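Please read it alongside the sequence and the structure shown here.

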Amino acid sequence: MLIIILTCLLLLPSDGTPLYPLYAIESHSEGYPLTDSDYRVVSTSFSYIHGRYTTEQLQQFSKANPNFKVVSYINSGIASSATLESAGRLNASYYLCGQLKKDLSPTDSTIIMSPSPRVSVLKPSTTNGNVSSSDGYVTFLRVEKELMKILKDQLSGRNETTVTVERGFANTPAEHHNRSSLVLCPVYHSDNYPGGNSKSLIVYTLDPSQKLAVNMLVNHTLTSVQQGYNGSWFDLFSSGQLRAVDMGGQPVHASWDFKTSQPYTKSALVEAQKDRLTSIYSQCHAALGQYPSLLANNVAGSYWPDDGDAKQLVEKTASFRPLDGYSLESFSGYETAGKNSTSSCGPAGLVLGWQPFDKWLRNVQIVMDAAQSNVPVFPMTASAGCESIGLELVSKSLRDKFESFAYSSYLLAVECPSGATRLGLPAFYQSNGTRYAYLHPRYSWPIGTPTRSVKPQQLTDYQPHNHVSFMRPFTNGLVVVNPHNQTDHNLSLNGNYHDPMTGNVVTSLTADSLSGYIFLNKI
């Protein structure tokens, strides 16, 4: 540990930039003008930002700081009906929805099948055409490599369903299929299933092992770089499939792995994402002559200490180039739709929440492991998506409390300012109708480097006896976090410290619930 501390001391910045590097998000950026001050503050305060910008704005960021990187958002886990149905329906994720109860000849148009216990419903198509539109949707089954359009479905007996289909659908060959052949159905996303509650058209979940899952991200990245971005931000890039649902809108817990002829395991999904990422890097490098910056969301739920080790997606090996950053969304808190909000992505009615202790503890442990392994896990203070604008709209005092808790929690996990991890936060504030870039001075306070480190499993060793708060000493200060919904009274700091917020000298503390504090030996 002494070697790490000495190395870190040599690398401490002295120009007022953040001591521990940060990254940023700007949601709902369209329509907001940027000033020279915005370009300067954002490009010198953060390593990366993901948002939507014009080519001129991207040029201004690069002019302000050539080393600053802007990445362009794309949802990597889903595809619209228009995209998938034109690229080929075999690119969709599928789930097991049953088995044939008798042999099926190439000319049979009626399937008798035993439905899977988890299948909620099969729905017939509502259009005579071959593509889904606002006038109707197409539903289909898959048996081996043949697709079959669903024309009619009815329960024909106990544990038996009769389905009338159009054979050889979407230019797939009508073939003979043996009794007990598996019947698969496409996986949809959220409310965008056939007849779902969303006003949008059908949205499919992608199989990461198929060509469209690679080509879509390659094309997006190449187009983005041509526009002036440095690369891409891949949403829904993990060892799980967020809000995956079946034809009736019920959750799908495991999609089908055609390599193993079994449902995907988390580890198999990680391997599929690694192969996908390798292909993306290879094709982009061949086209650009250099590697783009690739960041992704969300590592939560699939990184140590959970099952399905997505840590591999940020671990460099001789044969694998990892992500440049992997977001841990909602690290210490979140924005959520309040009772007056009509949309989780709309700015009106969003409210802040603090993570419950168990989830906070797990998230800090993940970042500890990443910092000690020197891999680029990027915890985001709250949402890494469209809800992040909520943090811009709250009062400055509430945002200060929220961010102080996040940054102090992050300092419990860091090892060195030159390490691979980054803390993320929205780059902008809003006040009286004005939007402006601003970074709180806390991120430049010279607290130094940690003088005590424990393994993630021993995180609670940072708790003083008979107290609920956590304390960690640094070469020039002390960080204190109370992640509980109760006040922690009479907490001795074991020394004299300066409070940079008030200028007072403190020796003890009453730590408010859900709060974080940074104290310095000297200012």
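Strand β3 (69–75) and helix α6 (266–288) each supply at least two residues of the lining of the largest pocket, and β3 gives the most, with 3 residues. Helices (H or I, at least four residues) and strands (E, at least two) are DSSP runs, numbered from the N terminus.

The model is predicted, so that local features need pLDDT of at least 70 and side-chain atom pairs count only at pLDDT 80 or more, while totals for chains, interfaces and linings use all residues. Residues are numbered from 1 along each chain as its sequence is written, and side-chain values use heavy atoms, with hydrogens and water left out.

A pocket here is an open set of points on a 1 Å grid over the protein atoms alone, where a 1.4 Å probe fits, with protein on both sides within 12 Å along at least five of seven lines; lining residues have an atom within 4 Å of a point. The lining comprises 48 residues, of which D235, L236, L242, R243 and E329 lie nearest the centre of the largest pocket.

A disulfide (a pair of cysteine sulfur atoms within 2.5 Å) joins C97 to C185, with an S to S distance of 2.3 Å. The pair links distant parts of the chain, 88 residues apart, with C97 in strand β5 (residues 94–100) and C185 in strand β10 (residues 182–186). The disulfide is right-handed because the torsion about its S-S bond is about 80°.

Buried means under 20% relative accessible area (1.4 Å probe, protein chains only).

| Cysteine | Relative accessible area | State |
|---|---|---|
| C97 | 0% | buried |
| C185 | 0% | buried |
| C284 | 0% | buried |

Strand β20 (residues 350–354) is mostly covered, with 4 of its 5 residues buried.

Definitions and conventions:
Buried means under 20% relative accessible area, exposed over 50%, partly exposed in between (1.4 Å probe, protein chains only).
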